[in-house]
Amino acid sequence: MSARASSTTPTPTAPGSLPLIGHALQLARRPLPFMTSLREHGSVVRIRIGPTPAFVVTDPALTRKVLVTDSAHFVKGGKIIDALRMFFGDGLATVADGDTHLRNRRLIQPMFNKAHIADRGAAMIDQVQDVVSAWPAVVPRDVYADMNEVALSAFLVALFGADLPEHQEGEFVTLMPEIMKGAIRQTILPPWVTRLPLPANRAHADRVARLRALIDQAIDHHADRSPDLATPDAVSTGAERCPHAEVRTKGQDGLFKTLLTAEDPLTRQQLQDEAITLLTGAIETTGTTLAWTLYEITQHDGIQRRLRDELTAVCGDRPLRYDDIAQLHYARQVLQEAIRKYGPAWMVTRTAARDIDLGGHRVPEGADVVWSPYLHQHDARYFPDPDTFDPDRWTAERAPAARGSFLAFGDGRRKCIGENFAWAELQIILASILQAWPRFTLTSRPPRTQAVVTVKPDTLTMAYHPQATSMSRASAEETRSFKPSKSRQEQ
């Protein structure tokens with residue numbers, strides 16, 4: 001197919017556009033129902049985000065053309081990416097396509113191969129078990145906050161090593177949720193508003209500056225305890241190493257050592273950008289997925305029973321070991337179904353690098369092209385009864401029919417570099433919670449979906465119980481096949 005536009009087929013425009021703001025009100029008030037409704041209007045649908053037109057791709061086959069086949073003509077960019085770049089800088093998720101992206105991806109890729117992840121597996125398990133076993137029993141807790149905290153704690157161990165000072169870890173845990181709120185606010189608002197000297201804008205800038213300072217401290221700590229490491233600043237300025245640098249701690253080196261020891265090292269600014277990108281990806285998507293997973297487990301006795309039976313069959317009475325997670329096949333299915341049902345991303349953008357034909361529709365050069373994992377993963381053509389939570393969609397027999405529409409990690413040359421790590425972290429945390437707590441119960445109303453950076457629960461609290469009680473009776477058939485657990489979308 002020629003990259004240049006060859007068709008004049010009119011692109012349908014979504015109804016409900018308002019003067020000046022376009023579809024911004026619908027995107028702000030009911031983003032998920034609005035996005036999924038666009039499928040009714042065609043495979044490519046025009047919307048307006050403020051005064052700016054954007055083309056939403058509702059057909060997963062066309063999205064794969066954007067991400068893979070014709071990716072050279074759909075470059076990283078768009079309103080969302082431009083706004084996030086103010087926070088991420090030129091990290092791997094936001095840096096423009098080209099030599100810098102390829103160079104940085106090659107540098108970072110070894111951090112996330114399976115051998116590197118396995119080397120940090122025991123330290124991650126120890127950290128996660130310490131966190132989840134410290135939760136007080138029978139006290140309602142904010143599940144989303146807990147999952148973000150434990151995900152961040154595990155990733156900090158993997159990224160910077162096992163001996164990051166406790167006060168630094170605590171500040172990361174406090175800062176990141178507020179920074180993510182500020183980042184999505186800047187994504188939604190017009191650029192001129194985010195540049196005004198408003199209290200919210202100043203607070204966001206201060207938090208980002210503090211995060212960068214914390215990352216600097218973590219990098220310096222990592223280098224100071226490793227005599228063979230030298231940060232780019234130390235190399236370029238001849239700065240003296242900490243006098244205690246020769247004293248190695250017993251903590252394992254973190255994944256970040258790969259960047260610090262690269263033959264062509266990143267600058268300090270680039271190290272900060274990559275650390276922010278990695279931290280955000282590890283927390284927001286992992287925490288959201290785990291929160292929804294625990295919620296669904298409380299709604300399905302049969303699913304919980306199968307998870308616990310599998311864990312017992314693999315581990316017996318001993319604690320989880322890293323080698324165990326490859327055998328937790330049903331746990332992987334449950335997690336994948338949580339990712340499918342709840343996103344986690346609901347709106348991603350690219351920019352057309354030239355006039356191009358996409359599914360018979362002309363997309364002009366410079367236009368934003370939007371795709372939505374959430375929309376594709378609720379397409380009934382590929383996922384029958386998409387609002388049903390059904391982990392058995394991902395059995396070896398059924399999964400191939402649905403994989404083409406499962407795009408939670410993206411695809412092509414910009415596919416999420418941390419996918420292997422994400423699966424390992426998710427399974428470690430889920431298994432550790434199941435081992436630490438024989439029972440947990442929902443103490444809030446059922447949550448509604450809330451589209452922020454990810455599709456998060458608007459409210460979700462649980463209590464964790466040290467003693468198991470008999471679950472409600474479920475027949476063998478119920479254990480194999482579960483009734484619908486419908487999403488409660490935004491009100």
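Leu20 is exposed in this predicted model, with a relative accessible area of 75%; exposed denotes over 50% relative accessible area, buried under 20%, and partly exposed the range in between (1.4 Å probe, protein chains only). Leu20 is placed in the segment before helix H1 (24-29), where helices (H or I, at least four residues) and strands (E, at least two) are DSSP runs numbered from the N terminus. Although Leu20 is not a glycine, its phi is positive, at about 70°. A positive phi, near 60°, also occurs at Val138, again a residue other than glycine. Val138 lies in the loop between H6 and strand E4 (141-142).

The model is predicted, so that local features need pLDDT of at least 70 and side-chain atom pairs count only at pLDDT 80 or more, whereas totals for chains, interfaces and linings use all residues. Residues are numbered from 1 along each chain as its sequence is written, and side-chain values use heavy atoms, with hydrogens and water left out.

Gly343 and Pro344 are joined by a cis peptide bond with omega of about -5°. Pro344 belongs to the loop between helix H15 (329-342) and strand E5 (348-352). Thr36, in helix H2 (residues 31-37), is buried, with a relative accessible area of 19%. Apart from neighbours within four places in sequence, Thr36 is in contact (heavy atoms within 4.5 Å) with Tyr374 and Leu375.

Helix H6 (residues 114-133) packs against helix H7 (residues 143-160) at an angle of about 150°, and the two axes are 9 Å apart. That angle makes H6 roughly antiparallel to H7; angles under 35 degrees count as roughly parallel, over 145 as roughly antiparallel, 65 to 115 as roughly perpendicular and the rest as oblique. Axes are lines fitted to C-alpha atoms, for helices over the stretch in contact, and angles run from 0 to 180 degrees between N-to-C directions. The crossing of H6 past H7 is right-handed, that is, the near helix is turned clockwise from the far one by less than a right angle, left-handed being the anticlockwise case. On the H6 side, Arg120, Ala123, Met124, Gln127, Val128, Val131 and Val132 meet Val150, Ser153, Ala154, Val157 and Ala158 of H7. This contact comprises 9 nonpolar, 2 polar and 1 charged residues (nonpolar: Ala, Val, Leu, Ile, Met, Phe, Trp, Tyr, Cys and Pro; charged: Asp, Glu, Lys and Arg; polar: the others, Gly among them).

The axes of H7 and H13 come within 8 Å and cross at roughly 140°, which makes H7 oblique to H13. H7 passes H13 in a right-handed crossing. Residues of H7 in this contact include Met147, Leu152, Phe155 and Leu159, and those of H13 include Leu279, Ala282, Gly287 and Leu294. By class, 15 nonpolar, 4 polar and 1 charged residues make up the contact of H7 with H13.

A nonpolar core is a set of buried Ala, Val, Leu, Ile, Met, Phe, Trp, Tyr and Cys residues joined through side-chain atoms within 4.5 Å. The largest such core has 94 residues, and those with the most contacts inside it are Met147, Phe172, Phe256, Leu279, Leu294 and Tyr464. Helix H13 (residues 268-299) gives the most to this core, with 13 residues. Leu279 touches Leu152, Phe155, Leu156, Leu159, Phe172, Met176 and Ile215, residues up to four places away in sequence not being counted. A second, separate core has 18 residues, among them Ala14, Ile49, Trp346 and Val455.
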